[in-house]
Amino acid sequence: MAMEITQFLLSAQSPDAKVRTEAEATLRQFQEQNLPLFLLSLSVELANNEKPNESRRLAGIVLKNSLDAKEAVRKEHLVQQWMAIEISIKSQIKDLLLRTLGSSVPEARHTSAQVIAKVASIEIPRKQWPELIGSLLNNMTQCDSPAPLKQATLETLGYVCEEISHEDLGQNEVNSVLTAVVQGMNLAEHSPEVRLAATKALYNALEFAQTNFENEMERNYIMKVVCETALSKEAEIRQAAFECLVSIASTYYEVLEPYMQTLFQLTSNAVKGDEEMVALQAIEFWSSICDEEIELQDYESSETGDSGSAYSHFIEKALPSLVPMLLETLLKQEEDQDQDDSIWNVSMAGGTCLGLVAKTVGDPLVPLVMPFVEANIVKPDWHCREAATYAFGSILEGPSIEKLTPLVNAGLDFLLNAMKDENNHVKDTTAWTLSRIFELLHSPANGFSVISQENLPRIVAVLLEGVNDAPNVAEKVCGAIYYLAQGYEDAGNNSSLLTPCLPGIISQLLKTAERTDGGDSKLRSSAYETLNEVVRCSNIVETSQIIAELLPVIMSKLGQTLDLQIVSSDDREKQGDLQSSLCGVLQVIIQKLSSTEATKSIILQAADPIMILFLRVLACRSSTVHEEAMLAIGALAYASGSEFTKYMPELYKYLDMGLQNFEEYQVCAITVGVVGDICRAIDDKILPYCDGIMSRLIQDLQSAELHRSVKPPIFSCFGDIALAIGEQFSKYIESAIAMMRSAAQICSQIDTSDEELMEYGNQLKRSIFEAYSGILQGFKNSKPEVMLPHGGHLLQFIELVFREPLRDESVTKAAVAVMGDLADALGSNTKLLFRDNSYCVEFLGECLQSDDEQLKETANWTQVMIARVMVS
């Protein structure tokens, strides 16, 4: 029997904090003491039209939050709680929810639709609630069903399709859902609200329609209804219909050929004359087609050399009409779009789509765009000049270097002059276009660049002047300097061209980072990121003095942040952002100067004051700073070697804190990486800290709360620790191997249809092999027999990986390397193991045939190690 909770729900929304807190506590207590009755009471509240809207609204929210959560562990806990509730109570709750779909209050219907979908997401995959789809379809087919009920039912069907997998419904159910949804879109029979709900539901149901799209008659009918709906009187319905077309473009590209003429007409009319929200979706349709065709071309070049019949060249065929349509959109800028990065309008969508067209078709696009550029670049109206520049910048990726270089050479001077344009939009887009030119057409190391000894001084002068412009222009200019410097990386003698300009560039970037007119800290971050790239890509032989002089400047700036007055959380955030940026610069300087023996001494001499700064920064306890400071500490450890040991007593507490930071898991992951860096730097001097570190790492692996992405680096870290402390690792071997075995078990059960899980599985396999390699090498010279009981399991795991049809190359390399380490470390003890695992010969044979030289080299070494064992 449900309890009366209206008053508590209303009090929980009271402006009086005392009343509100007491009501929340009462509701929480009820939830904890009797969850089934609590959920039933909420459902009764939501279903009761006599109750106030405020209490019904909160009942719906609490109900939804009792079934679903963003965080995976919490979500699984809620699912298990629901599954444990008695069937009769669950049935009552579900009946109440279905009844609420007929409520006279729109918000109650909407909330109920969402909650039904959450229950469905738990039950339908488990083959429970089989009658749900039938009940919903019944609402649609009964002739006396009121429009609000139909609208809520269609909304529910849409949400259910969004929540479950297409494998969870039988084809008959899919057919019935699609029929109901497509009929709901019918203009003659239904109100706009019903048709909008139906169109949105179709969007979510499209993934289920694979079989229907393979049937020409059914496909024709669905396409006809969607195209008709895209011409509806109501803009919101037109927008929803175009969203369906965007989804169809990517999901069912291969069957679109017969409809393309109609679709071009529809999208073209929408782009030219419809409301912006509809026009944006019409442009997105062509962007989706581009994405599909780029992917098909990539597949063709990487796999077979033949794209097969799937690639229909829609973009190429549409070019003569599509390009003028997109160019027209570029002239529809908004006055303040250069000031707000969150703005997304027709001109930006059109430029993005033009860029995708360039990637799709390459050279044939250029002659269709250049007349527009040339005609508009000199017009008095800024809209024309900006559109021409945006068009030019958008087509720089895709066409060949041979096609673009003469155009860029001819236009570069013009663009440099345009950095003095009277209009801020034009300067903003010009700076962006220059950064694109330097990113894509300036690579002396690869033998091509639009920058020469003659034009470089002018380019640098214009950029250093531009970086003083309005914040949005200055930020884009930072991007141009970033790619200018990046182009000279590994460019041999050519990199010397930039060296004389570096003091001026560095000085100007430091000034830019100090600017206070940037509003948020975006300009400052851009200036420091660009400074990092300038330092990273410089020629160390020529620039060591410049970088050495920069080091105390950055250290001083970081020191000043520690004395900032912190009054508010805003002050704390600003301090954190600045410290992050400065730690990032120090990391790059440390890495650069320690990259040669001649310059490493500069870092070693400054190591003590640098480390004191880092420790003081860590004491500020900000997670973003913790990440950057830790990364910089890792770089300092690498540079300092065994000298780094003296910092460990003070640093250890921060490592310990980082390893326990489950919530900000990136901090935890970076700390794990830094522990590895320190192990490599100080070797067995890490020993006094190993009990604490290993204990934390094991806890991290056992935790269900910690984000899974942190777990592979932990296994690699086991290998680093074992290599550093050798036979002393034997006290941790049982717990470490138990964790590695359990992770190997997870690898064998990973769903190969889920790309994200597959990638995680590859990381996990690679790190398990790296852990075994480190441990085997660590024991090699003293206690190799410790690993003998684990050799059989390791070879079984390698076989599991070898037998996988979709094996990742980096996993293959790690597997072959650890096979060699096993033979090398345990010697003749492994003779029987290798004899019993004959697949090893086959595996090595496959690797020796590889085109990858590194893999071949590793396989060769492993073959020699195993051969030595077999003849011993």
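Hi everyone, let's start with threonine 433, which sits in helix H22, residues 424-441 (helices are DSSP runs of H or I, at least four residues, and strands are runs of E, at least two, numbered from the N terminus). Before going on, a word on the source: this is a predicted model, where local features need pLDDT of at least 70, side-chain atom pairs count only at pLDDT 80 or more, and totals for chains, interfaces and linings use all residues. Residues are numbered from 1 along each chain as its sequence is written, and side-chain values use heavy atoms, with hydrogens and water left out.

So, is threonine 433 buried or exposed? Its relative accessibility is 0%, so threonine 433 counts as buried (buried is under 20% relative accessible area, exposed over 50%, partly exposed in between, with a 1.4 Å probe and protein chains only). Leaving aside neighbours within four places in sequence, threonine 433 is in contact with Thr389, Phe392, Gly393, Leu396 and Leu415, contact meaning heavy atoms within 4.5 Å. As for threonine 389, its backbone oxygen lies 3.3 Å from a polar atom of the threonine 433 side chain.

Next, valine 672, in helix H32, residues 665-682. Valine 672 is buried too, at 2% relative accessible area. Beyond four places in sequence, its contacts include Leu659, Leu697 and Val710. Lysine 359 is 313 residues from valine 672 in sequence and 40 Å away in space, C-alpha to C-alpha.

Last, the record: UniProt, in an unreviewed entry, places "domain: Importin N-terminal" at residues 23-103; positions follow the numbering used here, feature names are shortened, and annotations may be inferred rather than shown by experiment. That span is 78% helix and 0% strand, and its end C-alpha atoms lie 27 Å apart. Thanks, everyone!

How values were computed: Polar contact = N/O pair within 3.5 Å; in protein donor to acceptor, adjacent residues only side chain to side chain.
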